[in-house]
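Entries follow in the order I looked things up.

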Amino acid sequence: MKDGTISDFANKVVYQVYPKSFKDSNNDGIGDLQGIIENLPYLAKLGIDYLWLNPIFPSPQRDNGYDISDYRAIDPIFGTMNDFKELVSKAAEHKISIMMDMVFNHTSIAHQWFQKALAGDKKYQAYYILRPKKADGSTPNNWQSKFGGSAWASFGDSDLDYLHLYDISQADLNWRNPEVVSEANHVLKFWLDKGVKAFRFDVINVIGKDRKLLDDPTGGDGKAMYTDKPIVHDYLQNMYRDVFAKENNIMTVGELSSTSVENAVEYTAPGRHELSMAFTFHHLKVDYQNGNKWTKVPYDFQKLRQVLHQWGKGLSDGNGWPAWFWNNHDQPRAINRFVSSPKYYRLGAEMLAAVVHLNRGTPYIYMGEEIGMINPDFKSIDSYVDVESHNAYKELLKKGTSASEAFQIVKSKSRDNSRIPMQWNSEKYAGFSRHKPWLANGNYKDINVAKDLSDPNGLFSFYQRLILLRKQEKVIAKGDYQPFFPDIPEIIAFKRQFQEDSLLVINHFGEEKITLSLPVESLGGKIILSNYSNTKIARQITLKPYETLAIKY
């Protein structure tokens, strides 16, 4: 057995597909597995190594597939198990491995386990977190759902409530029950046998609830009461021992909600045998006012720089491994968040890409990012499908926010911003389908694959260069992380060191030119990446708007 370590994944790149929105092959308005198969040559041309699929299991789709009703099947909206096997096989021909999205914190209440529990089966009632109401009839504790409202709901007509940290249709599993652990292991083995080589674990650091679920003493939402409990490390180590230690070089990434640097190191340090790498979100909360997502304020540059340096250096020093990204299925598009003026969207997109791909950690690309897709310009709340967005809109109205302001907030932060159909060309429905899509299209006339690929200097080609550099330059794949220029306004820079090689990466997050002094030792170096054509190495350099510059020496 070969153990998956940092060196195995350091030069790899992952591409995330939201299957519902990537490509519709049968013209029913919903993306599917055959649509992905059809576009494997496109992904191979980009140069990626892993293809992460958001959940494709049977689901009522209350939370777009994260409410799973059967872990061992393919939802018919995406195709069949034979389609999946074909995807694995044909992806392998392009040297692309499949990453499955595992949601082990909760199941849909439509899952047969929950339905059997509701019917009175004690075995399956022990699969979930059921608690009696308090004497006064109130919920078992004061925890709040991340989708709004109480985290508890009535369990049928009993005097019990079930815990749902997310939507009311998503019942939390009881990981203290060995039978639940065994079920999860069997699910993983099922997909490994189908040729899957990687897994992404949804909100995996919240599975470790205490036996006694106490009120949040701060009167908060309860998050601190169930996040990063020490027992999660035990669960992950046991999963590795029972499943992954028997396989060859399986890659795992954990979505770690509200985790710390210290915990992220523990989750991902190779010798601990827990996860290959970790997703964290602190860098994407820098436009939350007072920590509240559902606000609309400019992002805090100082906080962004502080977070990137803190996590970059912390995981480097601790030998943990990050999974870096700007975009995913739960986030609005990064260009809209971090680039002020549309006239700089292209340069800003390149600069943002360089921050991730030249960093220490595994880069993730979310579909459409490589052509510069941006948030859609929806005009009505009715255009949104996402349950979280609708819940947030209602909550904002309840708090007295005007309908206009509430809509603008949702428009800026909705998860549907990233879930709009992939923009393949300028034809009707963006070449995604010949049928009206499940979610309205964005501005595909201006931004699409066909248009970008027709430009030899398109954004797609810039991403190709970044991916190739990671494979060619060991200092990018394996170098450490040292913050650089920590106090220069609008500059996020870092130095990478591996053996005798150094790499200085400078990223300018502003629109006004800025002059800085390069370190003397870099002056004899070579520019290996820039998004401006005429940049030269000199003691004093002036950076243009959203310029990125990488000097190897």
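Started with Arg-176: it is partly exposed, with a relative accessible area of 28%. My cut-offs: buried is under 20% relative accessible area, exposed is over 50%, and partly exposed is in between (1.4 Å probe, protein chains only). Before going on, I noted that this is a predicted model, where local features need pLDDT of at least 70 and side-chain atom pairs count only at pLDDT 80 or more, while totals for chains, interfaces and linings use all residues. Residues are numbered from 1 along each chain as its sequence is written, and side-chain values use heavy atoms, with hydrogens and water left out.

**Arg-176, continued.** I placed Arg-176 in the loop between β8 (170-172) and α8. Helices (H or I, at least four residues) and strands (E, at least two) are DSSP runs, numbered from the N terminus. Which residues is Arg-176 in contact with, leaving aside its neighbours within four places in sequence? I found Lys-209, Asp-210, Arg-211, Ile-231 and Tyr-235; contact means heavy atoms within 4.5 Å. I also checked Ile-207, 31 residues apart from Arg-176 along the chain, and the two C-alpha atoms are separated by 9.2 Å.

**Helix α8.** Next I took α8, residues 178-192. The expected span of a helix is 1.5 Å times one less than its number of residues. For the 15 residues of α8 that should give 21 Å, and the end C-alpha atoms are 21 Å apart, so the two agree. I listed Val-180, Glu-183, Ala-184, Asn-185, Val-187, Leu-188, Trp-191 and Leu-192 as buried in α8. Their cover includes α5 (81-93), β3 (97-102), α6 (112-118), β9 (198-201) and α10 (231-242).

**Positive phi.** Most residues other than glycine have a negative phi. I noted Val-203, not a glycine, with a positive phi of about 30°. Val-203 sits in the loop between β9 and α9 (223-226) and is buried, at a relative accessible area of 5%. His-273 is in the loop between α11 (261-268) and β11 (277-279), and is partly exposed at 29% relative accessible area.

**α11 against α12.** How do α11 and α12 (residues 301-318) pack? I get an angle of about 40°, with the axes 9 Å apart. Axes are lines fitted to C-alpha atoms, for helices over the stretch in contact, and angles run from 0 to 180 degrees between N-to-C directions. The pair is therefore oblique; under 35 degrees counts as roughly parallel, over 145 as roughly antiparallel, 65 to 115 as roughly perpendicular and the rest as oblique. Val-261, Ala-264 and Val-265 of α11 meet Gln-310, Trp-311, Gly-314, Leu-315 and Gly-318 of α12.

**α14 against α19.** I then looked at α14 (residues 345-357) and α19 (residues 459-472), whose axes are 11 Å apart at an angle of about 15°. These two helices are therefore roughly parallel. From α14, the contact residues include Arg-346, Ala-349 and Glu-350, and from α19 they include Leu-459, Phe-462 and Tyr-463.

**Helix α16.** Last, I checked which residues are buried in α16 (residues 403-413). They are Ala-406, Phe-407, Ile-409, Val-410, Lys-411, Ser-412 and Lys-413, and what covers them includes α15 (387-398) and α17 (416-419).
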